[in-house]
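This report describes one protein model.

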Amino acid sequence: FPMVSFWFCSGLRVGEVIALKWKDISRDWAEITIQRSLSRDHSDSGGGHFRREKETKTGLIRKLPITAPMEIYLKYRESFASRPDNYIFTTCTGGAINPDSWRRTIWSRALREAGVPYQAPKNIRHTLLSKAVNDPEIGLTGTAYIAGHTTTKTIQENYLGHLRATKLPSSDR
């Protein structure tokens with residue numbers, strides 16, 4: 001499951017992961033640009049049954065570094081019709097992934113086969129962001145940037161660990 005592995009490494013929203021295109025990867029494989037999302041089309045013509053590209057949830061374009069594990073999962077997919085305007089992660093037939101059917105058919109089955117109780121796919125993002133915010137090298141503002149948030153409020157409310165008793169740096173006990 002290269003998409004799931006990549007997702008665990010990037011912390012993107014599901015719509016952002018499935019909307020990634022080969023042109024979003026820098027030529028030197030150093031960074032990836034997050035600039036669109038594939039979302040349900042709730043217009044009269046779409047009725048929620050089709051996907052359409054739109055801007056990210058916050059309307060922000062951001063660039064994330066490509067880590068070594070991310071590069072492995074991307075390069076695994078590279079041989080699959082990697083033209084600039086093609087999606088990186090696709091269905092078996094090369095089409096855009098529908099997250100609802102993917103969750104029912106792929107995700108649920110994989111969890112069952114692994115003996116893991118059902119977890120919502122959004123927990124993938126939550127896992128990465130919870131680890132990032134508690135990493136002193138990334139912290140609150142870095143995590144907000146990774147998540148594509150305009151402020152740190154959501155990170156503080158949803159991902160920052162609970163406060164616990166601690167000792168002062170000057171304490172010798």
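## A loop residue with positive phi

Trp29 lies in the loop that runs between helix 2 and strand 1; helices (H or I, at least four residues) and strands (E, at least two) are DSSP runs, numbered from the N terminus. The phi of Trp29 is near 60°, a positive value in a residue other than glycine. Most residues other than glycine have a negative phi. Trp29 is buried, at a relative accessible area of 15%, where buried means under 20% relative accessible area with a 1.4 Å probe, counting protein chains only.

The model is predicted, and local features need pLDDT of at least 70, side-chain atom pairs count only at pLDDT 80 or more, and totals for chains, interfaces and linings use all residues. Residues are numbered from 1 along each chain as its sequence is written, and side-chain values use heavy atoms, with hydrogens and water left out.

## Nonpolar core

The largest nonpolar core holds 36 residues; such a core is a set of buried Ala, Val, Leu, Ile, Met, Phe, Trp, Tyr and Cys residues joined through side-chain atoms within 4.5 Å. Met3, Phe6, Leu20, Ile25, Ile32, Leu74 and Phe89 have the most contacts inside this core. Elements that give two or more residues to the core include helix 1 (2–10), strand 1 (31–34), helix 3 (68–78) and helix 5 (122–133). Helix 5 gives the most, with five residues.

Leu74 touches Phe6, Trp22, Ile25, Trp29, Ile66, Ile88 and Phe89, leaving aside residues up to four places away in sequence. Contact means heavy atoms within 4.5 Å.

## Helix 1 against helix 3

The axes of helix 1 and helix 3 come within 9 Å and cross at roughly 155°. Axes are lines fitted to C-alpha atoms, for helices over the stretch in contact, and angles run from 0 to 180 degrees between N-to-C directions. Helix 1 and helix 3 are therefore roughly antiparallel, the term for angles over 145 degrees.

On the helix 1 side, the contact is made by Pro2, Ser5, Phe6, Cys9 and Ser10. Helix 3 contributes Pro69, Met70, Tyr73, Leu74, Tyr76 and Arg77.

## Overall make-up

The protein has seven helices and four strands, in the sequence order α-α-β-β-β-β-α-α-α-α-α. Of its 173 residues, 37% are buried. Among contacts with a separation of 6 or more, 55% join residues 24 or more positions apart.

Note on methods:
Buried means under 20% relative accessible area, exposed over 50%, partly exposed in between (1.4 Å probe, protein chains only). Angles under 35 degrees count as roughly parallel, over 145 as roughly antiparallel, 65 to 115 as roughly perpendicular and the rest as oblique.
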